[in-house]
Amino acid sequence: MNVLVAGGAGYIGSHTVKRLKAAGHKPIIYDNVSRGHREVADILKVPSVIADLNDRAALARALREYQIDTVMHFAAYAYVGESVEKPLMYYDNNVATTLNVLRAMQEANVSRFVFSSTCAVYGDPDKIPITEEEKKAPVSPYGRSKLVVEWVLQDLAQSWKDFKFAALRYFNASGCAMDGTLGEDHDPETHLIPVILQAILGTRPGITVFGTDYPTPDGTNVRDYIHVDDLADAHILAMERLQPGKPIFCNLGTGRGFSVKEIVQTAEAVTGKKAPVTYGPRRAGDAIALYADPSRARTLLGWEAKLKDPKVIIQSAWNWFEDHPHGYSGQK
Ligand SMILES: NC(=O)c1ccc[n+]([C@@H]2O[C@H](COP(=O)([O-])OP(=O)(O)OC[C@H]3O[C@@H](n4cnc5c(N)ncnc54)[C@H](O)[C@@H]3O)[C@@H](O)[C@H]2O)c1
């Protein structure tokens, strides 16, 4: 299939482009590189359109020229804290931009859509592991912006009978391409594994762990770390299973939770180095423990995470960070 990967120069998008190509599909990156990396298209040897998704003419041209069958929509802003400070920017880029994409798709009669949603749509869940039936009560503008898009997709599918979509709710994306070609390069970086590895490498001063008195086995927060290649593969399976009238809403996680302390210790074991960690008080807004019940993804997509061992996930990230301590454009 010809797949327009919106946000394909970013972290999860780029890894999905690589897996799409390996699976025999034709991915085209569409990205304004505001938070992504131009280098990705060259590394992966795929066509790219460097433009904003709000540029309707450029978007229409890309859909037409590359005879796109499916749009995978990774492009968004994704910092919870920033979304609290700049809610309009988040609703603009995560909701209004998506409306623009959907309009362009409808005009071009491109009816297949795979959307990057998030476990943040659940907010603080009542039950762990989290199933898709859990109440949707996001606690940040970021989470709400994603839930709004899920509603838009459901409404659109009511009136556009050909429209088929999947909304995939990721847990904590982590790791890097197993062959070291692609990595995680956010600025600022807020994800736990890269932050620990950067602290170990000395490219950041250290890390603070927020809270050691949570009701978890070692007192630190518990999260579900899912390898980015597993996420990518779930997108391909979802794309292949899209059907009109049968929207797919799926959690993508491993089903296992690991504490912050366990991740720090695993990173130290993988790298053979001590992480400069400070233990501080709790941070407002952090849920105690979040991990997925991934059974619906198994049933609907025939998908299950393969790279579940945090050692493997962290090793894949370490391979890339050791080789690219300053990211894609930095010097080795
Ligand atoms: N990383 C995670 O753990 C995680 C978890 C849950 C959900 N998600 C969602 O997955 C998606 C991808 O996350 P990521 O970590 O790869 O983010 P990322 O920032 O690395 O990638 C997003 C890409 O979208 C591009 N982009 C943003 N706005 C654009 C616009 N208006 N026009 C064109 N391009 C634009 C950016 O330049 C960037 O390359 C996001 O939608 C995010 O909300 C991520």
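These legends describe close-up views of the ligand site and of a cavity in a predicted model.

In this predicted model, local features need pLDDT of at least 70 and side-chain atom pairs count only at pLDDT 80 or more, while totals for chains, interfaces and linings use all residues. Residues are numbered from 1 along each chain as its sequence is written, and side-chain values use heavy atoms, with hydrogens and water left out.

**View 1. Residues around the ligand.** The ligand is surrounded by 30 residues, each with a heavy atom within 4 Å of it. The closest are Ile12, Asp31, Arg35, Tyr142 and Lys146. By class, the shell holds 14 nonpolar, 12 polar and 4 charged residues (Gly counts as polar; Asp, Glu, Lys and Arg count as charged).

View 2. A polar contact is a pair of N or O atoms within 3.5 Å. Polar backbone atoms of Gly10 and Ser34 each lie 3.2 Å from an oxygen atom of the ligand. A nitrogen atom of the ligand is 3.0 Å from a backbone N or O atom of Leu53. The protein buries 95% of the 820 Å² that the ligand exposes when taken alone (Shrake-Rupley method, 1.4 Å probe).

**View 3. The largest cavity.** A cavity is a set of points on a 1 Å grid over the protein atoms alone, where a 1.4 Å probe fits but cannot get out. The count comes to 1 cavity of 30 Å³ or more. The largest cavity has a volume of about 40 Å³, taken as the space filled by probe spheres set on the points. Its lining residues, with an atom within 4 Å of a point, include Gly10, Arg35, His37 and Tyr328.

How values were computed
A polar contact is a pair of N or O atoms within 3.5 Å; within protein, one must be able to donate a hydrogen and the other to accept it, and residues adjacent in sequence count only if both atoms are side-chain atoms. On a 1 Å grid over the protein atoms alone, a cavity is a set of points where a 1.4 Å probe fits but cannot get out, and a pocket is an open set with protein on both sides within 12 Å along at least five of seven lines; lining residues have an atom within 4 Å of a point.
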